[in-house]
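Thanks for making the time, everyone.

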Amino acid sequence: MQQDSNNMAVAAFRCPPEVLLRPLIRRSSTILKTPRPCVQLAQTSARNFYRGAVCVDYEKPLEILDQQRTDTLQPGYVRIAVQSCGVNFSDILLAKGQYQLKLPPPFVPGYEIAGEITEVGDGVQMFQLGDRVLGTCQLNGFAEEAIAKPQSFWRIPPQLNYHQAAAVPVSYGTAMLALTRRANIQPGETVLITAAAGGVGLATVDIAKNVFNATVIGAAGGPEKCALVKRKGADHVIDYTTENVRDRVKEITNGKGVNIVCDQVGGDIFIDCLKSLAWEGRIVVIGFASGNIPKIPANLLLLKNASAMGVWWGEYLTKNPAIFRKSVTQTLDFLADEKLSPHVSKTYTLDEINEAFNFVGTRQSVGKVVVNMS
């Protein structure tokens with residue numbers, strides 16, 4: 001039993017986007033102790049119910065149920081008709097009761113959404129009725145409607161549809177913040193990205209190559225994933241199921257090493273990446289997909305004047321909201337200029353939510369998987 005608990009604790013750190021949920025749940029824990037829909041509806045609504053994917057029991061699949069709408073929208077909030085919601089590994093853990101902070105069923109998971117503003121609460125100046133928006137909410141994303149604070153939402157560029165927009169906030173926000181604020185990327189530097197075929201990985205490849213004109217090395221597991229990373233813009237790929245990361249980096253860089261590593265794998269891969277840094281290189285810790293949290297040999301940092309740092313994108317929402325907003329605002333500016341293109345590998349309908357969870361939970365997905373409400 002103790003081993004199972006340890007495995008669950010490690011699993012919650014495997015995918016970088018999961019860390020967003022921790023501050024969201026902490027801030028809403030007093031509300032969520034009473035099982036009830038966290039969605040409110042205007043009195044003018046013609047419908048009294050909306051559909052949502054509800055966790056009714058940790059041991060059972062999610063159920064599509066009608067949720068009761070409430071009458072009033074609190075000041076400082078907006079109501080959103082959700083069109084699409086990105087699937088993150090934390091959603092799956094939460095619905096199974098395997099996340100660090102448990103919510104008592106019933107509840108509707110999901111927090112990375114895109115949709116249309118249908119009501120604006122008193123005091124909100126950022127948005128108007130009809131605005132197409134993307135952002136993060138306090139759960140209830142896998143439902144037809146959600147209530148959220150506007151500070152964690154942005155207008156969708158006209159060239160993006162809803163399911164593309166739902167792939168942006170967490171993955172691109174994390175990647176942009178990791179490369180700019182944490183790693184201080186400079187044009188023309190060499191960047192090594194592990195788990196490069198995942199949502200955050202492909203976003204990091206996209207930004208590093210197409211915004212900063214970096215020389216990008218993408219590391220992924222298997223030839224199909226490596227081919228996708230190459231198509232996304234990577235100059236070189238490493239298949240770490242058959243190749244040694246350190247040896248390949250030496251070969252690619254003529255022994256100079258890389259300026260930046262964005263690592264989401266941890267374990268032995270992290271150590272190989274650390275050893276592959278150039279003089280004054282920077283390694284950014286984003287997650288631990290291997291389930292192995294490595295110990296950093298500090299002598300390597302000393303010998304290369306290197307830096308190791310972490311990035312917890314979601315925590316910036318509370319600790320430094322301006323930087324949180326900037327990470328996505330910058331992304332949207334580059335999307336508007338058509339320099340970036342989110343990769344959605346597969347979409348599901350709300351009725352197919354459990355198939356979507358299984359697809360992501362069994363690590364079959366690349367890029368982003370999105371659930372459309374209709």
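When I speak of helices I mean DSSP runs of H or I with at least four residues, and strands are DSSP runs of E with at least two, both numbered from the N terminus. Helix H12 is followed by Glu338, which has a positive phi near 60°. Please keep in mind that this is a predicted model, in which local features need pLDDT of at least 70 and side-chain atom pairs count only at pLDDT 80 or more, while totals for chains, interfaces and linings use all residues. Residues are numbered from 1 along each chain as its sequence is written, and side-chain values use heavy atoms, with hydrogens and water left out.

The protein chain holds 13 helices and 15 strands, and of its 374 residues 55% are buried, where buried means under 20% relative accessible area with a 1.4 Å probe, protein chains only.

Let me turn to the sheet, in which six strands lie in the order E10-E9-E8-E11-E12-E13, open and with parallel pairing; two strands pair if DSSP finds at least two bridges between them. Strand E10 (236-239) and strand E13 (307-310) are at the edges with a single partner strand each, so one side of each has no neighbour in the sheet. Further in, E8 (residues 190-193) and E9 (residues 215-220) pair in the parallel sense over four bridges, and Leu192 stands opposite Ile217 in E9. Helix H6 (residues 199-210) lies across E8, E9 and strand E11 (258-263), running at about 170° to E8, with angles taken from 0 to 180 degrees between N-to-C directions of axes fitted to C-alpha atoms, for helices over the stretch in contact.

Now, how do H5 and H12 cross? The axes of H5 (residues 169-182) and H12 (residues 321-336) come within 8 Å and cross at roughly 105°, and the two helices are therefore roughly perpendicular, a word that covers 65 to 115 degrees. Among the residues that meet there are Tyr172, Met176 and Leu177 in H5 and Ile323, Val328 and Phe334 in H12, contact meaning heavy atoms within 4.5 Å.

Staying with H12, its buried residues include Ile323, Phe324, Ser327, Val328 and Leu335, and what covers the buried residues of H12 includes strand E5 (132-136), strand E7 (153-155), H5 and helix H11 (316-319).

Note on methods
Angles under 35 degrees count as roughly parallel, over 145 as roughly antiparallel, 65 to 115 as roughly perpendicular and the rest as oblique. Buried means under 20% relative accessible area, exposed over 50%, partly exposed in between (1.4 Å probe, protein chains only).
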